[in-house]
Amino acid sequence: MTRTVITGITGRMGSTLLRLARDASDLQVVGATARPGSPVSGQDAGFVARLGAALDVAVADDLGRALDSAKADVVVDFTSAEASLAHARACAERGVALVVGSTGFTPEAHAQLQVHAKAVPIVAAPNMSVGVNLVIRMAAELARVLGPSFDVEVLEAHHRMKKDAPSGTALRLAEVLADALGRTREDLTFAREGQTGARPPGEIGVQALRGGDVVGEHTVYFFGEGERIELTHRATNRDQFALGALRAARWVAGRAPGLYDMADVLGLQGKT
Ligand SMILES: NC(=O)C1=CN([C@@H]2O[C@H](COP(=O)(O)OP(=O)(O)OC[C@H]3O[C@@H](n4cnc5c(N)ncnc54)[C@H](OP(=O)(O)O)[C@@H]3O)[C@@H](O)[C@H]2O)C=CC1
Ligand SMILES: O=C(O)C1=N[C@H](C(=O)O)C[C@H](O)C1
């Protein structure tokens, strides 16, 4: 049994993770958290996350306290970049492995995550769906083979409540595409407006749509002369993100310290 703590269980991903962790025969939910000062602190996690039954796990409003009272192997955290950094510190101080799905990390915050990963194993990825991680690899392969004569654009769409833009997945796609094409982050163009002139060769465009209840959609366009390739992933619910994260939780518990990606979890070796 992998003893698992889920953070942010009042959230869309936290409640999905709690349901799927509860249903997994090889995982035991030993802790659940909500934000500091949350009114649900002390209540049963199963009712707070609307799972329809008690879990016999009281919600804590501080991960450190939750870890001090539960002998956990791993924490699974989809909250916000800021909260995840604090959670990484709590895990590093207590020797507990961590899976981070939060997006919106600044380069400085990401560097801090790397510091905590010197103490404990951490899997961090902007998208934990197996399908998306395969799409990322396929996009890199297409870019390498098609080469610089194709114009590359990344388009993402998400629900109206999403806080960061572009999505972490779109950013990862753009970075992987830039790498495959021998370009840098300087070549990424985020949205366009005004007299932009002709599209510079080598540019990689990244565009974000927001609205309604869209779970998460990513398309990479390869625009050529006389043909176009579109590589699309559409999530229709959040279960595949959560199942990927729980797969990462089983994989990372007991591993050597280090910052790992979903490609490591999935055994996708070699360059992206
Ligand atoms: N890697 C992946 O596969 C995926 C990543 N994500 C990312 O996961 C993150 C969460 O997404 P989503 O679930 O939709 O967002 P939500 O806003 O629905 O959930 C976030 C939850 O975290 C809670 N929270 C905030 N701070 C803390 C804290 N310090 N301790 C405990 N809980 C806290 C919030 O509480 P409150 O409501 O009180 O503010 C909220 O319930 C985002 O960064 C998103 O981009 C999403 C889907 C897939
Ligand atoms: O906030 C979301 O919902 C999602 N966020 C992730 C991202 O920013 O890439 C992954 C997924 O698309 C859903």
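**Pocket, cavity and helix contacts**

Trainee: What is the volume of the largest pocket?

Mentor: This is a predicted model, in which local features need pLDDT of at least 70 and side-chain atom pairs count only at pLDDT 80 or more, while totals for chains, interfaces and linings use all residues. Residues are numbered from 1 along each chain as its sequence is written, chains are lettered from A and ligands numbered from 1 in the order in which they are written, and side-chain values use heavy atoms, with hydrogens and water left out. A pocket is an open set of points on a 1 Å grid over the protein atoms alone, where a 1.4 Å probe fits, with protein on both sides within 12 Å along at least five of seven lines. With points joined across faces, edges and corners and the space filled by probe spheres set on them taken as volume, the largest pocket comes to about 1300 Å³.

Trainee: Which residues are the closest to the centre of the largest pocket?

Mentor: A lining residue has an atom within 4 Å of a point. The largest pocket has 45 of them, and those closest to its centre are Phe-78, Thr-79, Ser-80, Ser-102 and Lys-163.

Trainee: Which element supplies the largest share of the lining of the largest pocket?

Mentor: Elements are DSSP runs numbered from the N terminus: helices (H or I, at least four residues) and strands (E, at least two). At least two lining residues each come from α1, α3 (63-69), α4 (81-94), α7 (168-180) and β10 (216-223). The largest share, 6 residues, belongs to α4.

Trainee: How do the lining residues of the largest pocket divide by class?

Mentor: Ala, Val, Leu, Ile, Met, Phe, Trp, Tyr, Cys and Pro count as nonpolar, Asp, Glu, Lys and Arg as charged, and the others, Gly among them, as polar. On that basis the lining divides into 15 nonpolar, 21 polar and 9 charged.

Trainee: Which residues line the largest cavity?

Mentor: A cavity is a set of grid points where the 1.4 Å probe fits but cannot get out. The structure holds 1 cavity of 30 Å³ or more, and the volume of the largest is about 30 Å³. By class its lining has 3 nonpolar, 2 polar and 2 charged residues. The residues are Ala-125, Pro-126, Asn-127, Asn-133, Ile-136, Arg-172 and Asp-261.

Trainee: Why is α1 oblique to α8?

Mentor: Axes are lines fitted to C-alpha atoms, for helices over the stretch in contact, and angles run from 0 to 180 degrees between N-to-C directions. Angles under 35 degrees count as roughly parallel, over 145 as roughly antiparallel, 65 to 115 as roughly perpendicular and the rest as oblique. The axes of α1 (residues 12-23) and α8 (residues 239-252) come within 9 Å and cross at roughly 60°. That angle makes α1 to α8 oblique.

Trainee: What is the handedness of the crossing of α6 and α7?

Mentor: The axes of α6 (residues 130-146) and α7 come within 8 Å and cross at roughly 30°. That makes the two helices roughly parallel. A crossing is left-handed if the near helix is turned anticlockwise from the far one by less than a right angle, and right-handed if clockwise. The crossing of α6 and α7 is right-handed.

Trainee: Which residues of α5 meet α4?

Mentor: The axes of α4 and α5 (residues 107-116) come within 9 Å and cross at roughly 10°, and the helices are therefore roughly parallel to each other. Contact means heavy atoms within 4.5 Å. Leu-85, Ala-88, Arg-89 and Ala-92 in α4 meet, in α5, Ala-109, Gln-112, Leu-113 and His-116.

Trainee: Where is Pro-166 found?

Mentor: A cis peptide bond joins Ala-165 and Pro-166, with omega about -10°. Pro-166 is found in the loop between β7 (151-158) and α7.
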